[in-house]
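Reader: Hi, I've just opened this one and I'm new to it. Can you walk me through it?

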Amino acid sequence: MEDTNNPASETPYGQAESGTATAARRKLSERAAEVKEKVADFGRKAVDNFDESRKGTAGALDQTAAKLHSGGEQLSGAAHAAAHQISGVAHDAADKLQAAADYIRDTDVKRMGEDLRDIVKRYPGPALAAAAVLGFLVARGLRRD
């Protein structure tokens with residue numbers, strides 16, 4: 001151990017050290033301890049700041065995930081409703097095609113003519129337009145052959 005009353009002490013290498021050198025070494029040792037404490041304090045503050053930012057980041061990610069789940073549910077519900085509507089339209093079209101197939105299968109040509117006459121009497125404008133479109137399509141089909 002060092003003798004503080006003795007102005008000349010020995011260094012670890014066995015050489016005599018003056019009082020000024022001892023004071024300088026002590027001062028340097030104190031400075032090193034202060035720097036070490038400041039670095040440790042800075043490290044603690046950095047860890048604390050990082051922990052706080054981690055919490056905020058995790059909270060923002062939680063909120064984003066919740067919004068995505070909510071949006072996904074809404075989209076799923078909308079898609080389900082749209083799919084239900086499309087399915088309904090497809091079933092309606094299939095039912096009408098089935099009814100047309102049954103009508104053609106079960107009705108003779110004479111009865112079809114009578115039904116056509118009744119439709120033209122009931123709906124003359126649309127019937128005339130349908131006849132024009134049908135005539136155009138038949139003429140076009142005949143020209144291709």
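Reader: How many salt bridges does the structure hold?
Author: The structure holds 7 salt bridges. A salt bridge here is a side-chain nitrogen of Lys or Arg within 4 Å of a carboxyl oxygen of Asp or Glu. Before we go on: this is a predicted model, where local features need pLDDT of at least 70, side-chain atom pairs count only at pLDDT 80 or more, and totals for chains, interfaces and linings use all residues. Residues are numbered from 1 along each chain as its sequence is written, and side-chain values use heavy atoms, with hydrogens and water left out.

Reader: OK, back up a bit. What does the secondary structure of the protein chain come to?
Author: There are 3 helices and 2 strands, and along the sequence they follow the pattern β-β-α-α-α. Both kinds of element are DSSP runs numbered from the N terminus: helices are H or I with at least four residues, strands are E with at least two.

Reader: And how much of the protein chain do buried residues make up?
Author: Buried residues are 5% of the 145 residues. Buried means under 20% relative accessible area, exposed means over 50%, and partly exposed is in between, using a 1.4 Å probe and protein chains only. The protein chain exposes about 12,800 Å², and carbon and sulfur atoms supply 62% of that. Those areas come from the Shrake-Rupley method with a 1.4 Å probe; for residues, only the protein chains shown count as cover.

Reader: Back to the salt bridges. Which residues are linked in a network?
Author: Glu37, Asp41, Arg44 and Lys45 are. Within that group, the side chains of Asp41 and Arg44 meet at 3.8 Å, N to O. Asp41 and Arg44 are separated by about one helical turn because they are 3 residues apart in helix 1.

Reader: Why does Arg44 count as partly exposed?
Author: Because Arg44 has 44% relative accessibility. Asp41 is partly exposed too, with a relative accessible area of 30%.

Reader: Is Asp115 buried or exposed?
Author: Asp115 is buried, because its relative accessible area is 16%. Arg111, at 41% relative accessibility, counts as partly exposed, and so does Glu114, with a relative accessible area of 28%.

Reader: Which residues does Thr107 touch, leaving out those up to four places away in sequence?
Author: Thr107 touches Met112 and Asp115, where contact means heavy atoms within 4.5 Å. Thr107 is in the loop between helix 1 (19–106) and helix 2 (109–122). At 16% relative accessibility, Thr107 counts as buried. A polar atom of the Thr107 side chain also lies 2.8 Å from the backbone oxygen of Tyr103.

Reader: New topic: which residues form a nonpolar patch on the surface?
Author: Val133, Phe136 and Leu137, with about 300 Å² of accessible area together. Patches are made of residues with over 30% relative accessible area and no salt bridge; like charges are joined within 9 Å, nonpolar side chains (Val, Leu, Ile, Met, Phe, Trp, Tyr) within 5 Å.

Reader: Where is Phe136 found?
Author: In helix 3, residues 124–144. Phe136 counts as partly exposed, because its relative accessibility is 48%.

Key. A polar contact is a pair of N or O atoms within 3.5 Å; within protein, one must be able to donate a hydrogen and the other to accept it, and residues adjacent in sequence count only if both atoms are side-chain atoms.
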